[in-house]
Amino acid sequence: MSVPISAYLTLAAVLFGLGTVGVLITRNIIVLFMCIELMLNAANMALIAFSRALNVMDGHVMVFLVMTVAAAEAAVGLGMIITIHRNRETINIDRFDLMKW
Amino acid sequence: MADYLFLIPLLPLIGFLINGLLIGRLPKPVISLVGCLSVGGALLLALLAFFELKGLPVEARVMQQVLFAWIPSGSFHVDIAFLLDPLSAVMILVVTGVGFLIHVYSVGYMHHDEGYGRYFAYLNLFTFSMLMLVLANNFLLMFVGWEGVGLCSYLLIGFWFEKKSASDAGKKAFIVNRIGDFGFLLGMFIIFWQVGSLDFATVMEKAPTAFSFGGGLITAACLLLFVGAIGKSAQIPLFVWLPDAMEGPTPVSALIHAATMVTAGVYMVVRSNVLYMMAPDALLVVAIIGAATALFAATIGLVQNDIKRVLAYSTVSQLGYMFLACGVAAFSAGIFHLMTHAFFKALLFLGAGSVIHAMSGEQDIRKMGGLRKYIRITYLTFLLATLAIAGIPGMSGFFSKDEILWQAFSSGHGSPIFWAIGLVTALLTTFYMFRLVYLTFHGTERMDTETKHHLHESPRSMTVPLMILGVLSVVGGWVGLPAVFGATNYFEHWLDPVTAKGSELVSESVHASGGGNAGLEMTLMFVTVLLVIGAWMLARYMYVRHTETATRVREKAGGLYTVLLNKYYIDEIYGFLIVRPFVGLSTFFWKIIDVLVIDGFVNGLARLGALSSDLLRFVQTGRVRSYATLFAAGVVLVIGFLILR
């Protein structure tokens, strides 16, 4: 008796929703970043669940790809955050409005 | 045999390139040498070509040299090619001969001018263009020369461009000429449309079959070509630029505005004589405009006080004479007068230049007088030219003018009215020319002491051309002795090959009445000469013997005198009727159409863009979270749409 796929998908949806809400409401750029990771991993979970349910490997491959991209993104993103922090003495996302009209 | 023809225009072009490219780097003697030698070389070649042509049998007197195909485009084919026939032979001799003398004269006249190199470069360019004009074997290449001389005329009239009046006069000449050129172009279009070629020989060959005799198209083509001639040769109503052209250096007036360029219109009409013979209505228009201009300009010349302006109006008047000759189908008489006129009018202008030189730049004849004691050579040569233009028997002008008068009277296209106008013009010409001579060279000395102190004869380089032209003014007419004297009119027979084809077309009507009555011709000639001498004596009476008569006449004539002095207010009338409305229209287009409508449309578009961006930019908050919210909302919307669809 295994766990039904709907449970995995529900968990993924909940995690994704949490991540989205986090991105929308948080001001701390680090937290915002973590929320993005949360969304990515929610998507990964859904992919693996489908992969297992359908008995194909495509989802696993996709997950590896997403994880690689997420790692690269984290490296670049954190580098940028450090640079911005050095220049502006803040990591409040609402203060980064240089492009504003 | 004609493979050196292209060298004739090429030499002055080389001169122009040397002088023009090395402006300010050559010493004056080199400039003069290049300038004069290039034209002198062209003169020698022209003489060589002339004698080679003369050596050919009469029917074969045509030399053509095709250099290369210029515009080979389907059925439209134009060559760079030169044509030497009796007509262009006369023209190249006049252009290079008189041109060479004027180049030599310029060496002395322009010696102190700062733009010496520029001057000779322009002058050589002019000679090149003029030779292209007369040597071209098709209408289009002729048009190239036609425009070239117009350009040089503009450049040389405005030679002293620091002077506002000079640069204005240059612009005026150029713009007025453009009106004429427009007609020339349209005329060419009609010819090409109907004949399918612009080559002179082909056009003249095919014209009798391509056009119907006296039909609307041929008349229109001739009239349009004549519009070009009107502009170039300063006839009514486009003559206004020529008197103003006197702002240029005097040798330029002599070369361009007396001897060569302004006669291009006459040359073109004679060159297309076959076309004109086929359009009697156009011929009549040519004759009427010529006669009217001759008389009209002569009356203005009566009262002008600027020595060069008198000569300018005289030139306009004499050009009218030439067109009168063409209009009565006496084409050879027109070219004959063109040639003698080139001699004596160039001499008159150069003489006037010598006077101005002696008078330290003064041009007003009211401030001259008694100059004959100081500048003898100038005086004598000027007098010779005056006798020639007045038509005193034996001088060149007598033969050419008499030929025109007789043809105007007797030719099938002529009428006694044309003869009478010609005669009156001849009398007026005699009167104003002797008035000019007497006021300038005779009577009391009216210049101030400073000028008087500086009076001197011009240098040798100026007086020698004067003397040569003086001789030519006398003997130049002897090549065309009237048949009635029992002599052979060599000149007319020389041009026969050119004019024959045209006269064949209408031989029945013209030759029946022409050529006849020797007794009548002698009588008319005698009357003319008597009246001319009468006019001379009248001028002598008024300006030498009883100078107060002139003042009395002037006071009596009152209003008429003022009208003449102000040139019938033609410039003012044109200013009011044409220039002012045109400026008004241009201002309307500028202020209303251009600034308001066109600029308004373009600027309005830009402003619309700016306005909409002003509104839309509020969407771009620059805040990451609002972007993310919109993004999420968008995703929800899309997915919702996909699910609920």
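Helices (H or I, at least four residues) and strands (E, at least two) are, in this report, DSSP runs numbered from the N terminus. With that convention, Leu5(B) sits in the segment before helix 1 (7-21) of chain B.

Residues are numbered from 1 along each chain as its sequence is written, while chains are lettered from A and ligands numbered from 1 in the order in which they are written. This is a predicted model, in which local features need pLDDT of at least 70 and side-chain atom pairs count only at pLDDT 80 or more, whereas totals for chains, interfaces and linings use all residues.

**Confidence**

The predictor gives the complex an ipTM of 0.79 and a pTM of 0.81. For chain B the mean pLDDT (the predictor's confidence in each residue, from 0 to 100) is 89, and 98% of the residues of chain B reach 70 or more. Over residues 508-514 of chain B, however, the pLDDT is below 50, and beyond near neighbours in sequence this stretch has 10 contacts in the model; two residues are in contact if their C-beta atoms, placed from the backbone, lie within 7 Å. Where pLDDT is low, the predicted coordinates should not be read in detail.

**Chain B as a whole**

Chain B has 27 helices and two strands, and its C-alpha atoms fill a box of roughly 120 × 65 × 55 Å, taken along the principal axes. Of its 645 residues, 50% count as buried, a term that requires 20 or more other C-beta atoms within 10 Å of a residue's own, with 12 or fewer making it exposed, values in between making it partly exposed, and C-beta atoms placed from the backbone. Among contacts in chain B between residues at least 6 apart in sequence, 80% join residues at least 24 apart.

The domain assignment, whose bounds come from an automatic or database source, gives domain 1 (327-503 + 516-545) and domain 2 (572-644) of chain B. The centres of domain 1 and domain 2 of chain B, taken over C-alpha atoms, are separated by 71 Å.

Leu5(B) is buried, with 25 other C-beta atoms within 10 Å. Leaving aside neighbours within four places in sequence, Leu5(B) is in contact with several residues, among them Ala49(B), Phe82(B) and Leu135(B). Leu5(B) and Val66(B), which are 61 residues apart in sequence, lie 9.8 Å apart in space, C-alpha to C-alpha.

Strand 1 (residues 63-73) of chain B lies largely in the open, because the number buried among its 11 residues is zero. This strand pairs with strand 2 (residues 76-84) of chain B in the antiparallel sense over nine bridges, where pairing requires that DSSP finds at least two bridges between the strands. Within this pairing, Val78(B) in strand 2 is the bridge partner of Ile71(B). The two strands form a hairpin with two residues between them, and Gly74(B) in the turn has a positive phi of about 60 degrees.

An unreviewed UniProt entry annotates residues 70-120 of chain B as "domain: NADH-Ubiquinone oxidoreductase (complex I) chain 5 N-terminal"; UniProt positions are given in the numbering used here, feature names are shortened, and annotations may be inferred rather than shown by experiment. Over residues 70-120 of chain B the chain is 57% helix and 25% strand, with the end C-alpha atoms 29 Å apart.

**Backbone geometry in loops**

Most residues other than glycine have a negative phi, and most peptide bonds are trans. A cis peptide bond joins Ile236(B) and Pro237(B), with omega about 5 degrees, and Pro237(B) is placed in the loop between helix 8 (216-232) and helix 9 (241-244) of chain B.

**Chain A and the interface**

The unreviewed UniProt annotation "transmembrane region" covers residues 6-25, 30-50 and 62-84 of chain A. Residues 6-25 of chain A are 100% helix and 0% strand, with end C-alpha atoms 28 Å apart, and residues 62-84 of chain A are likewise 100% helix and 0% strand, with end C-alpha atoms 32 Å apart.

Between the chains, 11 residues of chain A are in contact with 11 residues of chain B. The side of chain A that touches chain B has seven nonpolar, one polar and three charged residues, where Ala, Val, Leu, Ile, Met, Phe, Trp, Tyr, Cys and Pro count as nonpolar, Asp, Glu, Lys and Arg as charged, and the others, Gly among them, as polar.
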